[in-house]
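Visitor: Could you take me on a close look at the ligand site in this model? I would like the contacts and the cut-offs behind them.

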Amino acid sequence: MASSLTTFTDEARIALDTLSGRATGLFSPSLRLGVTGLSRAGKTVFISALVHNLIHGGRLPLFEAQKSGRIARAFLEQQPDDAVPRFQYEDHIAALVNDRAWPDSTRAISELRLTIEYESASGWSRMFSSGKLSVDIVDYPGEWLLDLPLLGKSFADFSHEAFEMAVLPVREYLSQTWRALSAETDPNADADEMTARRLAESFAAYLKACKLDERALSTLPPGRFLMPGDLEGSPALTFAPLAGVGDRRPRPGSLHAMMDRRYEAYKTHVVKPFFREHITRLDRQIVLIDAMQALNAGPGAMADLERAVTEILSCFRPGRGSFLTDLFSRRIDRILVAATKADHLHHESHDRLQAIVRRLADRAVARANFTGADVDVVAMAAVRATREGTVKQGRETLPVIIGTPIAGEKINGETFDGKTETAIFPGDLPENIDAVFDVSGADHRQDSADPAIRFVRFRPPKLERTAEGVTLSLPHIRLDRALQFLIGDHLA
Ligand SMILES: Nc1nc2c(ncn2[C@@H]2O[C@H](COP(=O)(O)OP(=O)(O)OP(=O)(O)O)[C@@H](O)[C@H]2O)c(=O)[nH]1
Ligand SMILES: [Mg+2]
């Protein structure tokens, strides 16, 4: 008797919570899910695959609501925000499924509303609930997020840090030209538009060089220097850090004064509105990282990625006393740090990849000024482009992955035509994950010819069709685990 009473009250409380949530959620309850990551991390592919699998009833055994058959229907609806571009789901799916090509790079924010009709797991809440959840998925560049810390920094702080980062061993060479130009610029000289532009361009070129594939360095602010969106060429983007400027007020009319003003304008007109209108309204967040690329580039790149994740996490749940706390009305309660593209590894290495991401996230959480959200990690592939197999080499049997490399990709001197399937031995991740983070170790992969993983870009997979000609959903690795963490509890 007692136990059924507890169950009853628990259920009642949950049902009432749900009801009151409904009342404030404008009829259909909604959940805002932010999807971010630095450029090429896999945001567009992730969202496309997630939506496709839900709409087409994909195989999602770790996503409880789907597994237990409680999802009646998932479909796209009009998004609530008219001023935000729509996530072009149909185009991306057409590329992936019909052309077997990866979708184009997206350079700004976009949004999509996916509505799920489901049956509640408990009989009691079924009585009250319409069993409908709208998930508003917001895709935005991680580069923009990394601007948030600027809100707490003066132009002098920003300049000081930029020069400090620029002389780190991994960046020293790349920043040379810009530093040389800065060295011959007098901040106290009269403001001059051409000087400002040259400095801004040179600084932006350095930031872009850090992002080149083989370097795999994560981004430094200002994010719009890399991802300008619609701000390309505007004065708010025509500034650069200046060497040796202190917090003393700049002389009016000087270059220093001009740069300082533009930096403040960037914060006021670009950074703040973005956070107010988008980030502060999120309920859940997934941060996609390209751990594989960083692993291949070595511990320097891993440390850099860790720094970026730390900054990103500090933005979501600013701890007490952070200058950001005032900006937030609503709070993100779950964050998933996800390494995607795990289909480049044999499944034996998936757990190692996840362990590496876990270590990275733990360190980031420990360092970030951060409280009160659940952080989980996953190693996944939103779209699985490979199958697994084994190849006999002498007496050894090697685990391989099989896929169709993109036209122009090379392995061992062979160039692929984009049509031929091939098996490659991708290599293993190290068992001892400390080595991966050890910057002091001798192994500075940055210039090493021997990367940890043989990394070839594959075309998206060929989809199976049923006898009736219906295309099956996109294959994935652990996408269902990600879904369960991000929205599963809202479908209970
Ligand atoms: N094999 C494999 N490759 C992937 C996967 N996800 C992304 N990729 C690769 O990574 C590239 C970038 O993916 P996108 O989803 O476009 O990345 P993004 O974060 O949206 O990039 P931007 O729009 O440029 O910021 C793709 O073109 C693919 O080559 C995956 O699950 N498996
Ligand atoms: Mg994209």
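Guide: Happy to. A polar contact here is a pair of N or O atoms within 3.5 Å. This is a predicted model, where local features need pLDDT of at least 70, side-chain atom pairs count only at pLDDT 80 or more, and totals for chains, interfaces and linings use all residues. Residues are numbered from 1 along each chain as its sequence is written, ligands are numbered from 1 in the order in which they are written, and side-chain values use heavy atoms, without hydrogens or water.

Let's begin with ligand 1. A polar side-chain atom of Lys-43 sits 2.8 Å from one of its oxygen atoms, and a polar side-chain atom of Arg-40 is 3.0 Å from an oxygen atom of ligand 1. Ala-41 contributes a polar backbone atom, 3.2 Å from a ligand 1 oxygen. On its own, ligand 1 exposes 630 Å², of which the protein buries 97% (Shrake-Rupley areas, 1.4 Å probe).

Around ligand 1 there are 20 residues, with Lys-43, Thr-44, Ser-105, Thr-106 and Asp-343 coming nearest (a heavy atom within 4 Å counts as near).

Now for the metal. Thr-44 and Thr-106 each coordinate the magnesium ion, ligand 2, through OG1 at 2.0 Å (donors are N, O and S atoms within 2.8 Å, or 3.2 Å for Na, K and Ca; water is not among the atoms, so the site may look incomplete). Thr-44 is buried, at 9% relative accessible area, while Thr-106 is partly exposed, at 28% (buried is under 20%, exposed over 50%, partly exposed in between, with a 1.4 Å probe and protein chains only).

Terms used:
Polar contact = N/O pair within 3.5 Å; in protein donor to acceptor, adjacent residues only side chain to side chain.
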